[in-house]
Amino acid sequence: MTPTLQTRFGSDGNCWPACLATIFDVPLSAVDHLAAHYEDWHEQTEAFLQERGLFQNQIEVKQDAMGRNCFPFIAPPQGTICVVVGKRWGASIAHAVVAKVKYGQAESPEQCHLEFEIIHDPL
């Protein structure tokens with residue numbers, strides 16, 4: 001993986017494509033059309049991943065009463081590389097980073113505790 005920095009910021013930022021460029025080791029120009037401010041970004045991301053035999057899975061991670069990240073079903077395996085999107089404290093727009101699953105354990109049949117390690121922030 002070659003860390004790729006985003007080149008646009010704010011509501012038309014390209015942190016999502018920069019994360020994909022990092023993971024897939026492609027130039028930012030090859031994925032810049034996948035930025036979330038484009039109307040068809042989701043479909044274009046699906047097509048990009050499908051060409052590589054992959055798919056996108058959006059899962060909302062919430063915090064439990066103890067402040068731990070919780071996943072709504074089986075946790076991905078330790079070491080899984082993913083793009084994590086969320087809002088920073090006090091921020092009005094979301095930001096994407098490349099992360100690795102550091103720890104995942106079932107807490108109940110409906111919930112898993114997850115910990116991520118950020119391995120690249122495209123800022």
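Tutor: Residues are numbered from 1 along each chain as its sequence is written, and side-chain values use heavy atoms, without hydrogens and water. In this predicted model, local features need pLDDT of at least 70 and side-chain atom pairs count only at pLDDT 80 or more, while totals for chains, interfaces and linings use all residues.

Student: How many helices and strands does the protein have, and what makes a run count as one?

Tutor: Helices are DSSP runs of H or I with at least four residues, and strands are runs of E with at least two, numbered from the N terminus. By that rule the protein has two helices and five strands, in the order α-α-β-β-β-β-β from the N terminus on.

Student: Why is the protein called as compact as a globular protein of that length?

Tutor: The globule rule is 2.2 Å times the number of residues to the power 0.38, and the radius of gyration is taken over C-alpha atoms. For 123 residues the rule gives 14 Å, and the protein has 15 Å, which is close, so it is as compact as a globular protein of that length. The C-alpha trace spans about 40 × 35 × 25 Å along its principal axes.

Student: How do you know that β3 and β4 pair?

Tutor: Two strands pair if DSSP finds at least two bridges between them. Strand β3 (residues 81-87) and strand β4 (residues 94-108) have seven bridges, in the antiparallel sense.

Student: What pairs with β4 over nine bridges?

Tutor: That is strand β5 (residues 111-120), again in the antiparallel sense. Here tyrosine 103 stands opposite glutamate 115 in β5.

Student: Why is aspartate 25 called partly exposed?

Tutor: Buried means under 20% relative accessible area, exposed means over 50%, and partly exposed is in between, with a 1.4 Å probe and protein chains only. Aspartate 25 has 46% relative accessibility, so it counts as partly exposed. Aspartate 25 sits in the loop between α1 (15-24) and α2 (41-50), and its phi is near 55 degrees, a positive value in a residue other than glycine.

Student: What share of the 123 residues is buried?

Tutor: Buried residues make up 31% of them.

Student: What makes a contact, and what share of contacts joins residues at least 24 apart?

Tutor: Contact means heavy atoms within 4.5 Å. Among contacts between residues at least 6 apart in sequence, 43% join residues at least 24 apart.
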